[in-house]
Amino acid sequence: MPKLIKNGTVQENNWTLLARDHEGDVPAGETLVPLDQFLANADTLSARSDVGVWLDSDQGPEALAPYLDKLDVVAINFPKFVDGRGYSYARVLRERLGFKGEIRAIGDVLHDQLFFLKRCGFDAYAIREDKDAEAALAGLSDFSETYQAGVDQPSPLFRRRA
């Protein structure tokens, strides 16, 4: 199971990722359910505190709007590190939909992406099993200052200096 970077530390990842083709009931315990399966069973699953949702890179977060106040975790899959749609999905979740829970990056998540993922609203990162999570943790502080506004710093540098 991949390690998780959260709250500035490397932690064990206790959440199970349910496959898109999973059939049957969602097992007990902390489980990330594919968006389609969650929406098909939203009344039941949104009442469970041990269920989160994961979006694939071709699925926007807008369909989750009615359930976001009941979800603790929304994970966004990066099938390849070059697929940047997940960055936009995180911003939509934070800025347009007002999601306050954990946004987790899953899939092909690499050290070089972490700082920019944080700027877009991610706060947890499941690092690939073949990568060193401790080394990747340093990616959250690759830069000491930012010029542009972001989810993590809503004021651009020129406003903060004034």
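## Before we start

This is a predicted model, where local features need pLDDT of at least 70, side-chain atom pairs count only at pLDDT 80 or more, and totals for chains, interfaces and linings use all residues. Residues are numbered from 1 along each chain as its sequence is written, and side-chain values use heavy atoms, with hydrogens and water left out.

Helices (H or I, at least four residues) and strands (E, at least two) are DSSP runs, numbered from the N terminus.

## The sheet

Eight strands form an open sheet with mixed pairing, in the order E2-E1-E8-E7-E6-E5-E4-E3. Two strands count as paired if DSSP finds at least two bridges between them. At the edges stand E2 (9-11) and E3 (16-17); each has a single partner strand, so one side of each is left without a neighbour in the sheet.

Strand E1 (residues 4-6) pairs with strand E8 (residues 124-126) in the antiparallel sense, over three bridges. Here Lys6 sits opposite Ala124 in E8.

E6 is mostly covered, with six of its six residues buried (under 20% relative accessible area with a 1.4 Å probe, protein chains only; exposed is over 50% and partly exposed is in between). In a regular strand, side chains alternate between the two faces of the sheet. In E6 both faces are covered: Val73, Ala75 and Asn77 are buried on one side, and Val74, Ile76 and Phe78 on the other.

On one hand, E6 pairs in the parallel sense with strand E5 (residues 51-55) over three bridges, and Trp54 stands opposite Ala75 in E6. On the other, six bridges join E6 to E7, and these two run parallel as well. Val74 has Ile103 in E7 as its bridge partner. Going from E6 through H3 to E7, the chain makes a right-handed β-α-β crossover (with the strands pointing away from the viewer, the path from the first strand over the helix to the second runs clockwise).

## Helix H3

H3 has twelve residues and reaches 16 Å from its first C-alpha to its last, close to the 16 Å expected at 1.5 Å a residue (the expected span is 1.5 Å times one less than the number of residues). Its buried residues are Gly86, Tyr87, Tyr89, Ala90, Val92, Leu93 and Arg94, and they pack against E6, E7 and H4. After H3 comes Gly98, whose phi is positive, near 70°.

## The cores

Which residues touch the most other members of the largest nonpolar core? Of its 35 residues, Phe38 and Tyr125 do. Such a core is a set of buried Ala, Val, Leu, Ile, Met, Phe, Trp, Tyr and Cys residues joined through side-chain atoms within 4.5 Å. H3 supplies the largest share, four residues.

Leaving out residues up to four places away in sequence, Phe38 touches Val33, Leu45, Ser46, Val51, Val53, Leu64, Tyr67 and Leu71 (contact means heavy atoms within 4.5 Å). A second, separate core of nine residues includes Leu32, Trp54, Ala124 and Ala126.

## A loop residue to look at

Asn7 lies in the loop between E1 and E2. Most residues other than glycine have a negative phi. Asn7 has a positive phi of about 55° although it is not a glycine. Is Asn7 buried or exposed? With a relative accessible area of 65%, Asn7 is exposed.
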